Amino acid sequence: MRLVTFHLMGTRINAFAYWLRLSLPGTGLLMLSWWALPGGLAWVIGLIGVLLAAGPWLLALKALWTNKTRRQPAPRRRPALGVVLLAALALAPAGYAQVPASNVADLIIHRARVVTLDPARPTATAVAVRAGKLLKVGADAEVLRLKGPNTRVVDAQGRTLIPGLNDSHLHVIRGGRFFNTELRWDGVKSLRQGLDMVRAQVQRTPAGQWVKVVGGWSEHQFAEKRNPTLAELNAISADVPIFILHLYGRAWLNKAGLRAAGFTRDSPNPPGGTIEKDAAGEPTGLLLATPNALVLYATNAKSPALTFTEQLNSTQQFLRDLNRFGLTSAIDAGGGFQAYPEDYAVADTLARRGQLTLRVPYYLFAQKAGREYQDYVQWVANNPRGPQAAEEDNHRYYLDGGGENLVASAADFENFEQTRPELPAQMEAELRQVLAVLVEKRWPFRLHATYDESISRFLSVLEDLNRATPFNGLRWYFDHAETISDRNLARVKALGGGIAIQNRMAFQGEAFVARYGKAAAAATPPVKKMLALGLPVGLGTDATRVSSYNPWVALHWLVSGRTVGGTVLYPPENRLDRRAALQLYTSGSARLTGEDAVKGRIQEGYYADLALLSADYFAVPEAQIPAIEALLTVVDGRVVYGAGAFAQFAPKAVPVVPAWSPAATYNGWGGAKK
């Protein structure tokens, strides 16, 4: 066989030899199509590469077989394109895309069922993260092209990936300070198990310390459908103080607890509270909020405090448990006995050290009746940055405004076992004085508001103030609003307000029905009406005392319409579907703090706050929603929690201090041991 020759630029060239020189560029194009080009173009370039790469080798084999190969005069030496391509590829680590350094991912999660909550792209299978933000959201192939030699790659194994959860109302700073001192009955199925946990904790607790169960449970969750008795607590221990708090309604102290708290026959009832006494005038150990919960707050505050170092550890443990449920943000609502600035020192310290594993915008809560105006004037003066600090801190930990308690006279306590409180006549004047300071200085604010009767009066103050000093888009919202009316929803809308709802009815629904009737409970709160009006609505818990901090309990409540005891409160038309409920726990809460353009979705350019779930929230039976946890939680692009096969990607848990803490034994949900 005589090979064809031709002339190129004056040189006689063997066609086979020239074709052979195309093999190297063909190979280079083929590799380029595999690693660095988008889907459609990759197919075209890849096909060309295959033809160029394979053709000369087939011809060479044929020529060798027929022994017809002839030498031809060698053409002038020129660098082959294939050599250049292969050299460039060789200079990079094998298998990595040739992309600009600014586009190489720090973290990639692929083979996931990504629920983005982004209307433009509802689903995906992979995400790439760089510098704390989402760099790419899409299919595995296009995202994996952003892999570099130092990229951490997580195979999600087909699990559901959602935006990190954002609690609209959580007392996270206060809760963190006390977390290591508290035994949690959240999710415990029987009172017997709960009392066994108390009994075991008594054996671990050193002299001088208390055993405390502080909120997050309801007697209706127990198989026995009842509360503990004083006799049961006294039988467990005569020496170690035991304090059991039931929401914001009541508390039990054993006899050792009465002595430690200093209650005697001479102890007077505090305003709005009752210290129950027997026929002989001696305190029994039962404390009642009637309806003011001050007696409960104050008694809990008498227990020994952790050292500052222990409080740092306690807060880290609490944040880790929140991360375990997929929480990446929480709007802190201040709280009783949470003084500013001294009681914020723990969170401040962790924030400076980069050890907060949750985004926390926080609000300042007035502590002293009669001094609220002076305190807010001082706080505004001492914090000139105010809510503008959010941008400067990349929305990690910052002061966002005032609330939820602005003045003591506006506190309409939510104990549904008691009669609705009538707010005092001076409330309007006191509230207006404080609000005027916040509006003038453009501080966002939130206001605790349970009953429609209270909300009507609050709105009159707000409308009057808005006429004098227009809000002009200033962010503000009510917290709770279980019984808000259609008329008042419209007034909130007119003032540009929003509503932060919580699942308090999941724990108090039975008490509400007993007092007000099933019909009155059918829309408490009227979430669908809020959404129909276009109001900003965020979902949360109000943990850690009147609710569990487990966000999946709140999502189950809103989806199923049931209490933790199984009582059906809401008819189907007043419930939300799972996607709508999840939106309230993500972008809905972010909207309340003006952050919905940077978090709450899995969307390119948004913060990389993510949760990979233990079960598919959209597919599991409704009753199994509260059991969902995160297997991997990412905050600001950093893996902060991992479990099971994903534990390898997360930092190791910090040991619990002190070692006798209930948090060292139990994981905070269902009484399960660590």
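This is a predicted model: local features need pLDDT of at least 70, side-chain atom pairs count only at pLDDT 80 or more; totals for chains, interfaces and linings use all residues.
Helices themselves are DSSP runs (H or I, at least four residues), numbered from the N terminus. Residues are numbered from 1 along each chain as its sequence is written, and side-chain values use heavy atoms, leaving out hydrogens and water.

**Helices α15 and α16**

- Met427, Glu428, Leu431, Arg432, Leu435, Ala436 and Val439 of α15 meet Arg457, Phe458, Val461, Leu462, Asp464, Leu465 and Ala468 of α16.
- By class, this contact has 10 nonpolar, no polar and four charged residues (Ala, Val, Leu, Ile, Met, Phe, Trp, Tyr, Cys and Pro count as nonpolar, Asp, Glu, Lys and Arg as charged, and the others, Gly among them, as polar).
- The axes of α15 (residues 427–440) and α16 (residues 452–468) come within 10 Å and cross at roughly 45 degrees (axes are lines fitted to C-alpha atoms, for helices over the stretch in contact, with angles from 0 to 180 degrees between N-to-C directions).
- That angle makes α15 oblique to α16 (under 35 degrees is roughly parallel, over 145 roughly antiparallel, 65 to 115 roughly perpendicular and the rest oblique).

**Helices α11 and α12**

- Helix α11 (residues 308–324) packs against α12 (residues 345–352) at about 70 degrees, with axes 10 Å apart.
- Such an angle makes α11 roughly perpendicular to α12.
- Phe308, Gln311, Leu312, Thr315 and Gln316 of α11 make the contact with Ala345, Val346, Thr349 and Leu350 of α12.

Conventions. Helices (H or I, at least four residues) and strands (E, at least two) are DSSP runs, numbered from the N terminus. Contact means heavy atoms within 4.5 Å.
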